[in-house]
Amino acid sequence: MTPMPRASHPEKISLRTERLLLRPWRGEDREPFAALTADPRVMEWFPAPLTRAESDAVADRIDQHFRETGWGLWAVEIVGTDPFIGFVGLNPADATLGYPCVEIGWRLAAAYWGHGYAPEAARESLRFGFDNLGLDEIVALTSVGNAKSRRVMSKIGMTRKPEDDFDHPRLPKTSPLSRHVLYRISRDAFAAGM
């Protein structure tokens, strides 16, 4: 199995875009994250909204990954305005896809949709993955019907081959969320699109 890529420094990494700071999580992020994961609009393409305990468990896993690797699903803040609007970043997808790979993902509070924050933060996450982690490819996945996330995937230069679509292994085949699309972007395709 391919070892998990690690950042070139032992400390947790932060990234910056024109409007956003992508940073490791803080304790005060947990309350707005719990509100975000309890919102049925945000969680429409997941099996169910999360309880506070489930939300905290997700935050614990994210923080543990940062401690082990220095990178992950960064907390996103709008510089000088909003200290936490959700997360965007990179995460191992080996267990879902059955081979060593890293996915890009995002989950923003509904009040921040439609402002271009997800693509802006996602592009910086891709840059980090290719430039700092030396990844050759990054994937993204979502339920077939999730048009908003699929639009972000296309905006950041990812492409889909229908033959790569799959049934999510942790969802029952009878679930309307089971069928997933898989998008990809290579290091070369990212560099060509910049």
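Here is a quick tour of an aromatic cluster and a charged surface patch. The model is a predicted one, where local features need pLDDT of at least 70, side-chain atom pairs count only at pLDDT 80 or more, and totals for chains, interfaces and linings use all residues. Residues are numbered from 1 along each chain as its sequence is written, and side-chain values use heavy atoms, with hydrogens and water left out.

**Aromatic rings**

- The count comes to 8 aromatic pairs, where rings of Phe, Tyr and Trp (its six-membered ring) pair if their centres lie within 6.5 Å.
- Take Trp25 and Phe84: their ring centres sit 5.4 Å apart with planes at 65 degrees, so this pair is edge-to-face (planes over 60 degrees apart; under 30 is stacked, the rest tilted).
- Trp25 is in the loop between strand E2 (20-23) and helix H1 (30-38), while Phe84 is in strand E4 (residues 82-92), 59 residues apart.
- Phe33 and Phe84 are edge-to-face too, because their planes stand at 85 degrees, with centres 6.4 Å apart.
- That pair joins helix H1 to strand E4 across 51 residues.
- Both Phe33 and Phe84 are buried (under 20% relative accessible area, 1.4 Å probe, protein chains only), and Trp25 is buried as well.
- Trp25, Phe33, Phe84 and Phe87 make up one aromatic cluster.

**Positive patch**

- Arg123, Lys148, Arg151 and Lys155 form a positive surface patch (residues with over 30% relative accessible area and no salt bridge, like charges joined within 9 Å; a salt bridge is a Lys or Arg side-chain nitrogen within 4 Å of an Asp or Glu carboxyl oxygen).
- Helix H5 (residues 147-155) gives the patch its largest share, 3 residues; helices are DSSP runs (H or I) of at least four residues, strands (E) of at least two.
- Lys155 lies in helix H5 and is exposed, at 52% relative accessible area (exposed means over 50%).

Note on methods:
Patch = residues over 30% accessible without salt bridge, like charges linked within 9 Å, V, L, I, M, F, W, Y side chains within 5 Å. Areas by Shrake-Rupley, 256 points an atom, 1.4 Å probe, with all protein chains shown as cover. Lys, Arg positive; Asp, Glu negative; His and termini not counted. Charge placed at Lys NZ, Arg CZ, Asp CG, Glu CD.
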